[in-house]
Amino acid sequence: MAKPFKVPRNRQEMMDWINSIPLYRDEHDKDPSFKSREEIREMQNANLVKQMERLAKQSPFYREKFKEWGIDPASIRTVDDLEKVPPTSKADYMKDRGESFRLEIDPSRIMEYIIYEITYTTGTTTGLPSRFYNTTYDMFMQSWVFHIGCKICYLEPDDFVMNIFPYHFIPHIGYYKTVHFASAIGMSMCWGYTGAPLPGFPRTIHRSMQKAIDDIERKKVNALSGIGSYIRRLIIAAEEQGRDFSRINKIQALGEAVPKGMRDDMRRRLQNMGAGEVYISNAFGFTECQTAFQECCELGGAHTGTPDLFFIEAVDESGKRKPDGEPGLLCITHLDRRGTSLLRYLVGDIVAVTNEQCPFCGRNDTRIVTTVGSTYGTRTSELMKVKGTLINPEIMRDAVANTPGVVEYQFVITKERPDDPYSMDVLILKVGADEGVDRAALEGELKEKVKRAVELTPKVEFVPFSEIFNPGQTLKAVRVVDQRPKG
Ligand SMILES: [Zn+2]
């Protein structure tokens, strides 16, 4: 059974926690995130040289590109040389659904190249998801990545986690990575196993949110890993039922931004159900790194953890690197991979990165830091023009998500007259509010906050929660819907 957990408040308490866990204590000297910045650079450069050799020999996509760009791959010797390499786009990747990014097998090291797992990137333009290949080497390396990642966010071998990601017809990376991180450190795990039914299979294959609530209480689960908005709805339902969730002390709220107000709300509700301290981590995960970058303290930045494996930059469209702390396009380079291997790949998020030592934990790995409110990244595809103003929906979301009394919310951008595409844009904010909240006061507060955030005043409409997000039907809440005619 899980031990009581106190969230470390400073570096000394964090080190005491690390030293209390034999797995982490015994391999601490090998943890790359605690190496000096110079040592990290040396490891990155050494790995990059070998990875460039692999790309030159074994990557169908980059082999061609090096010719086209007139770049000798052997001339890229350090991570600073990477600025000479033009970025690779998602469009490049989707052209053949990622196939040409998979390294060809090196016959002298066949075991490293066995395809062990395929994950998918969602939301492609063709409708077909693109493949992302992990070989045996990549999978074994991921076990190490998960040792480091779990250590950053205070997950430990004695924890009992419920994997509450849906069992979906497109394999969800969160579902599988939760299996892998739990197994890598020897954690116990059970499953919510919710998800949308597939025609032809009995509905009883999947279980309900209600069953998950029962199991969390009955099996004495202490950690949850799932999509942020889903976990929150589960907590709200459990609170309404007066459940005993006193053991919950760690939450991996993933798959979307989980701003501070949302975390505080989840924590308050858990504490109403008997919980003590609860650490809620909103790690920043994406398919291309096959992991989630973890927080050492809430909102303290998303640590890469293994900077010798991933080189992270924020860049402009031409690939020029932004200085530390300045927002740019998230650009990743794999430094030691065998399956799908990417070089200066634009993930599609706007982020700010820093290489400064983390003031909380003292790690020296690269971190993605918050630039907008309390969230790490904004999808580049999400920037939108409303009433002629370019807005970042993340700022708008952050303003509302941090408002007490708001349970669910959704922005809808539509036209004043739906049959007239040239009529004025209208911004509607649908709100599912807590019972007993003063709606007039809440409406005033929300209008003011959104206006301050994006200089647009929304029309506020109060609606039932399920009109915005029905956990039985969709994976996560959609927070911004653009209903304007396209084109
Ligand atoms: Zn830190």
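Modeller: Happy to! Let's start with domain 1 and domain 3, whose C-alpha centres lie 28 Å apart. Please keep in mind that this is a predicted model. The domain assignment gives domain 1 as residues 11–30 + 154–282 and domain 3 as 383–482. Domain 2 is assigned 33–140 + 286–379, so domain 1 and domain 2 are each written as two stretches of the chain.

Now for the meeting place itself. On one side, 18 residues of domain 1 are in contact with 16 residues of domain 3. Between them, domain 1 and domain 3 bury about 1,400 Å², and carbon and sulfur atoms account for 53% of that area.

What about charged partners? Two salt bridges are counted between domain 1 and domain 3. Take the pair Asp434 and Arg269: their side chains meet in a salt bridge, with 3.4 Å from N to O. This distance is within the 4 Å cut-off, which means that the pair counts as a salt bridge. Polar contacts are counted too, and eight residue pairs make them between domain 1 and domain 3.

Which elements build the domain 1 side? Two or more residues each come from α9 (228–240) and α10 (260–272). Helix α9 gives the largest share, five residues.

Let's step back to the whole protein. You can find 13 helices and 21 strands in it. Its radius of gyration is 23 Å, close to the 23 Å that the globule rule gives for 487 residues, so the protein is as compact as a globular protein of that length. Along the principal axes, the C-alpha trace spans about 65 × 60 × 50 Å.

Across the protein, the salt bridge count comes to 48.

Key. Residues are numbered from 1 along each chain as its sequence is written. This is a predicted model: local features need pLDDT of at least 70, side-chain atom pairs count only at pLDDT 80 or more; totals for chains, interfaces and linings use all residues. Side-chain values use heavy atoms; hydrogens and water are left out. Contact means heavy atoms within 4.5 Å. Buried area is the accessible area (1.4 Å probe) that two parts lose on being put together, summed over both. A polar contact is a pair of N or O atoms within 3.5 Å; within protein, one must be able to donate a hydrogen and the other to accept it, and residues adjacent in sequence count only if both atoms are side-chain atoms. Helices (H or I, at least four residues) and strands (E, at least two) are DSSP runs, numbered from the N terminus. The radius of gyration is taken over C-alpha atoms; the globule rule is 2.2 Å times the number of residues to the power 0.38.
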